[in-house]
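This report goes through a pocket, a sheet, ring contacts and backbone details of one structure. The model is a predicted one.

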Amino acid sequence: MSLITRLPRGTQDVLPEDSFKWQIAEQFIKDCALYYGFSEIRTPVFEHTELFLRSVGDTTDVVQKEMYTFNDKANRSITLRPEGTASTVRAFLEHGIYNSGLPSKLFYFDSCYRYEKPQSGRLREFHQFGAELFGAQDACADAEIILLANRIFSVLGINRNISLEINSIGCPVCRKNYQNALINYFKENLDSLCHTCKERLDKNPMRILDCKNPDCKAISENAPVILDFLCNDCQNHFDEVKSYLDNLNIKYIVNPKIVRGLDYYTRTVFEFIYPLDNVPITVCGGGRYDGLISELGGKPTPALGFGLGLERLIMIAQNDENSILSKAQAPTCDLYVIAMDKTFKLSALKLCEKVRSGKMSAQCDLLNKSLKAQMKYADKIGASFTMVIGENEIKNQKAIVKNMTSKETFEISIGDDFLKDFSYIYSHSL
């Protein structure tokens with residue numbers, strides 16, 4: 001077979017043998033969010049480009065190198081969302097969600113798009129779970145958003161190997177002195193910086209700390225750290241965050257190098273790190289962005305949140321022996337009803353519907369297969385039970401159900417009591 005085309009580079013198909021793991025992970029994550037009082041929001045996959053220019057920051061790699069931006073037929077600049085926070089804030093303001101009372105807690109499962117070099121766990125089309133909390137200034141909110149992420153890892157069974165790293169990048173007031181110190185430091189190494197970082201130096205020197213260029217990373221190792229420049233308010237806030245985490249028995253490492261890749265962050269930033277094949281990768285990252293809502297036209301409102309990459313999470317979880325995904329089994333057919341011939345297909349379909357009404361799975365032949373072929377197919381799909389119906393079964397309203405694992409057989413009514421009888425056999429035989 002010759003395909004017309006293949007999937008674009010940096011994308012992937014999630015096939016049936018893997019999609020059930022996504023469903024399990026997403027359901028556990030959703031349950032955790034609901035336990036913490038978060039409600040789901042769904043936003044468009046594309047927005048006006050200005051939204052991301054003003055929120056993400058025009059000096060970030062995301063805006064400068066990675067956004068999928070195009071003009072639509074009305075010549076408006078449109079961008080596929082590179083992350084979920086900006087769209088959620090836009091919806092929060094546009095629909096007056098704040099009128100329902102604060103704090104406002106929202107979560108989402110978003111597909112996002114960034115044009116970057118594809119690698120393990122990092123694609124051009126990727127998926128995120130995000131949680132955003134609007135209206136809470138207190139350090140208790142920082143602790144709660146971290147608790148939610150930690151809870152997700154704990155429920156999925158991968159928390160033993162994950163470490164939490166935190167930092168404070170201060171507020172616009174205390175960052176001025178820090179940025180001046182960075183400018184003076186990087187000017188001494190100007191010739192060794194990449195072209196992009198040279199342009200960032202005067203506009204936003206903190207972005208240099210997030211550069212992936214090996215030379216820039218090496219220079220940044222000895223750069224001044226923000227923790228030495230925090231104002232009293234930011235220092236007190238950071239101390240309170242650490243105190244909450246200490247008292248909640250959440251282990252963490254203070255990493256003054258964390259700045260995050262988006263410009264809207266203020267004060268607390270954090271990352272959850274997992275050692276995949278002895279290489280640390282960021283599974284989840286977030287923090288405060290107290291200035292973003294006012295930047296996008298709203299009243300000054302404190303806010304914070306995080307994004308969790310689903311591709312990375314599932315890749316990690318299915319390879320971690322402690323994870324529920326490493327032990328998860330794909331759903332199978334509970335009952336396969338085999339029709340002796342075409343005459344009994346309608347009866348088989350009706351019996352399947354009864355099983356399905358009892359919240360169990362059932363299948364029957366759709367291709368006019370022979371009796372032998374149907375039996376092979378039932379075995380191939382891992383049917384837990386099989387049942388053959390033909391002229392005698394319909395006449396007597398009784399059939400034989402076979403447990404495909406133990407090979408035990410049971411006579412069962414296929415009349416009004418069929419669902420009750422099969423439910424009993426199913427629950428007592430597996």
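## Second largest pocket

The second largest pocket has a volume of about 500 Å³. Its lining is made up of 23 residues, and those closest to the centre are Arg175, Asp263, Tyr264, Tyr265 and Thr266. Helix H2 (49–55), helix H6 (172–187), strand E9 (266–276) and helix H10 (292–295) are the elements that each give two or more residues to this lining. Of the elements, H6 gives the most, with four residues.

Sorted by class, the lining of the second largest pocket holds nine nonpolar, six polar and eight charged residues.

## The eight-stranded sheet

An open sheet is built from eight strands in the order E1-E5-E6-E11-E10-E9-E7-E8, with mixed pairing. The edges are strand E1 (39–40) and strand E8 (253–254); each has a single partner strand, so one side of each has no neighbour in the sheet. Strands of a sheet pair through backbone hydrogen bonds, in either the parallel or the antiparallel sense.

Strand E5 (residues 104–113) pairs with strand E6 (residues 125–134) in the antiparallel sense, over ten bridges. In this pairing, lysine 105 is opposite leucine 133 of E6. E9 and E10 are also antiparallel, over nine bridges, and here phenylalanine 270 faces glycine 286 in E10. The hairpin of E9 and E10 has two residues between the strands, and aspartate 277 in this hairpin takes a positive phi near 55°. On to the next pairing: E10 and strand E11 (residues 303–309) are antiparallel over five bridges, with glycine 287 opposite glycine 305 in E11.

## Burial of E10 and H11

Strand E10 (residues 279–288) has seven of its ten residues buried, so the strand is largely enclosed by the rest of the structure. Helix H11 (residues 310–317) is mostly covered, with eight of its eight residues buried. The buried residues of H11 include the charged-type side chains Glu311 and Arg312, along with Leu310, Leu313, Ile314, Met315, Ile316 and Ala317.

A search of the whole structure gives 19 aromatic pairs. One of them joins phenylalanine 109 and phenylalanine 129, a tilted pair with 5.3 Å centre to centre and 50° between the planes. Phenylalanine 109 belongs to strand E5 and phenylalanine 129 to strand E6, so the pair ties together parts that are 20 residues apart in sequence. Phenylalanine 109 is partly exposed, at a relative accessible area of 25%, whereas phenylalanine 129 is buried, at 0%.

The ring centres of phenylalanine 153 and phenylalanine 272 are 5.0 Å apart and the planes are at 55°, so this pair is tilted. Phenylalanine 153 lies in helix H5 (residues 139–156) and phenylalanine 272 in strand E9, so the pair ties together parts that are 119 residues apart in sequence. Both phenylalanine 153 and phenylalanine 272 are buried. Ring pairs also link Phe92, Tyr98, Phe134, Tyr264, Tyr265 and Tyr289 into a cluster; Tyr264 and Tyr265 are among the residues closest to the centre of the second largest pocket. A charge contact involves tyrosine 115: the charged end of arginine 124 sits over its ring, 4.0 Å from the ring centre.

## The E15–E16 hairpin

Strand E15 (residues 398–403) and strand E16 (residues 409–413) pair in the antiparallel sense over five bridges. Valine 401 is opposite phenylalanine 410 in E16. The two strands form a hairpin with five residues between them, and lysine 407 in the turn has a positive phi of about 65°.

Glutamine 397 is in the loop between helix H15 (391–396) and E15. Its phi is near 55°, a positive value in a residue other than glycine. Glutamine 397 is partly exposed, with a relative accessible area of 36%.

## Other backbone details

The peptide bond from leucine 102 to proline 103 is cis, and its omega is near 5°. Proline 103 is placed in the loop between helix H4 (85–94) and E5.

Asparagine 249, although not a glycine, has a positive phi of about 60°. This residue is in the loop between helix H9 (232–247) and E8. Asparagine 249 is exposed, with a relative accessible area of 69%.

Notes:
Residues are numbered from 1 along each chain as its sequence is written. This is a predicted model: local features need pLDDT of at least 70, side-chain atom pairs count only at pLDDT 80 or more; totals for chains, interfaces and linings use all residues. Side-chain values use heavy atoms; hydrogens and water are left out. On a 1 Å grid over the protein atoms alone, a cavity is a set of points where a 1.4 Å probe fits but cannot get out, and a pocket is an open set with protein on both sides within 12 Å along at least five of seven lines; lining residues have an atom within 4 Å of a point. Grid points are joined across faces, edges and corners, and a volume is the space filled by probe spheres set on the points. Two strands pair if DSSP finds at least two bridges between them. Buried means under 20% relative accessible area, exposed over 50%, partly exposed in between (1.4 Å probe, protein chains only). Rings of Phe, Tyr and Trp (its six-membered ring) pair if their centres lie within 6.5 Å; planes under 30 degrees apart count as stacked, over 60 as edge-to-face and the rest as tilted. A charge sits over a ring if NZ of Lys or CZ of Arg is within 6 Å of the ring centre and within 35 degrees of the ring normal.
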